[in-house]
Amino acid sequence: GVFTVDDNFVGNPEAIETILRVMIDFQRTHDYPFSFYTQASLDLGSPKLAHLLPLMKAAGFSEVFLGIENPDPAALKGMNKKQNLKVDIAETVATMQRSGIEVMAGFIFGCDEDTIETADAIASFATQVAIPTAMTGMLTPVPHTPLAERLRAEGRLREAEFSGNNTDDEVQFVPQRMTAEEMQRGYYRILERLFSPGAMY
């Protein structure tokens, strides 16, 4: 397996189409020695770029990671994820799955628009669209980013808990529409719903 690390594999569609055709030739000539994985923007499933999906499949791509972040349009707008607002996310995921490419996805819980109910909304969305690998983390104010500086200026950065570690289960700032305890419980709820043995099975 080879993970092609590019935040948006289809950022230059014309170039990628050329590369994919060379990859297809290589794979066919050498009896498919590799399986490929990559990351892409949600517009990969749009009519404009959907022609790349069969080429990716023929080149040996079996999985694509999407930064879905949140199924709520208000949250996406708040995090300036404009490209995700331009597509039907569920249909985009389905388009990729129909092409034979499994979708992995990233989700973020804890944006200012989120409430305790958002946790169940994220878990429900990932389940409904059949995303088996839903990497979900709490919003993390990474040092020196606009988010961290804004939270510090607003007096919402919890300096005692602040680590910048996005795998930490401590709430590192004061949430807007729920308590820190509710946010932590919501995060645990997502993990329980998506990664308990029954859900995994």
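Good morning, colleagues. Please keep in mind throughout that this is a predicted model.

I begin with the core. The largest nonpolar core has 50 residues. Within this core, the residues that touch the most other members are Leu20, Leu44, Ile68, Phe107 and Ile131. Let me take Ile131 as an example. Leaving aside residues up to four places away in sequence, Ile131 touches Ile68, Val93, Val103, Met104, Ala105, Phe107 and Ala126.

I turn now to the largest pocket. The volume of this pocket is about 760 Å³. Its lining is made up of 26 residues, and those closest to the centre are Glu69, Ile108, Met138, Leu139 and Thr140. Which elements of secondary structure each supply at least two residues of this lining? They are the strands β3 (61-69), β4 (102-109) and β5 (133-138), together with the helices α3 (73-78) and α7 (146-153). Of the elements, β5 gives the most, with four residues.

My last topic is the aromatic residues. In general, a pair of aromatic rings is described by two quantities, the distance of the centres and the angle of the planes. The structure contains six aromatic pairs. One of them joins Phe36 and Phe61: the ring centres are 5.4 Å apart and the planes meet at 35°, so this pair is tilted. Phe36 lies in strand β2 (residues 36-40) and Phe61 in strand β3, so that distant parts of the chain, 25 residues apart, are linked by the pair.

Are these two residues buried or exposed? Phe36 has a relative accessible area of 11% and is therefore buried. For Phe61 the relative accessible area is 1%, so Phe61 is buried as well.

A further pair is formed by Tyr187 and Tyr188, and this pair too is tilted, with 6.4 Å from centre to centre and 40° between the planes. Tyr187 has a relative accessibility of 8% and so counts as buried. Tyr188, by contrast, counts as partly exposed because its relative accessibility is 37%.

Finally, I return to Phe36 and Phe61, which belong to a cluster.

Thank you for your attention.

Terms used: Residues numbered from 1 in each chain as written. Predicted model: local features only at pLDDT ≥ 70, side-chain atom pairs only at ≥ 80, totals over all residues. Heavy atoms only, no water. Core = buried A, V, L, I, M, F, W, Y, C linked by side-chain atoms within 4.5 Å. Buried < 20%, exposed > 50% of the residue type's maximum accessible area, 1.4 Å probe, protein only. Contact = heavy atoms within 4.5 Å. 1 Å grid on protein atoms, 1.4 Å probe; cavity = no way out; pocket = protein on both sides within 12 Å on 5 of 7 lines; lining within 4 Å. Points joined across faces, edges and corners; volume = space filled by probe spheres on them. Phe/Tyr/Trp six-rings, centres within 6.5 Å; stacked < 30°, edge-to-face > 60°.
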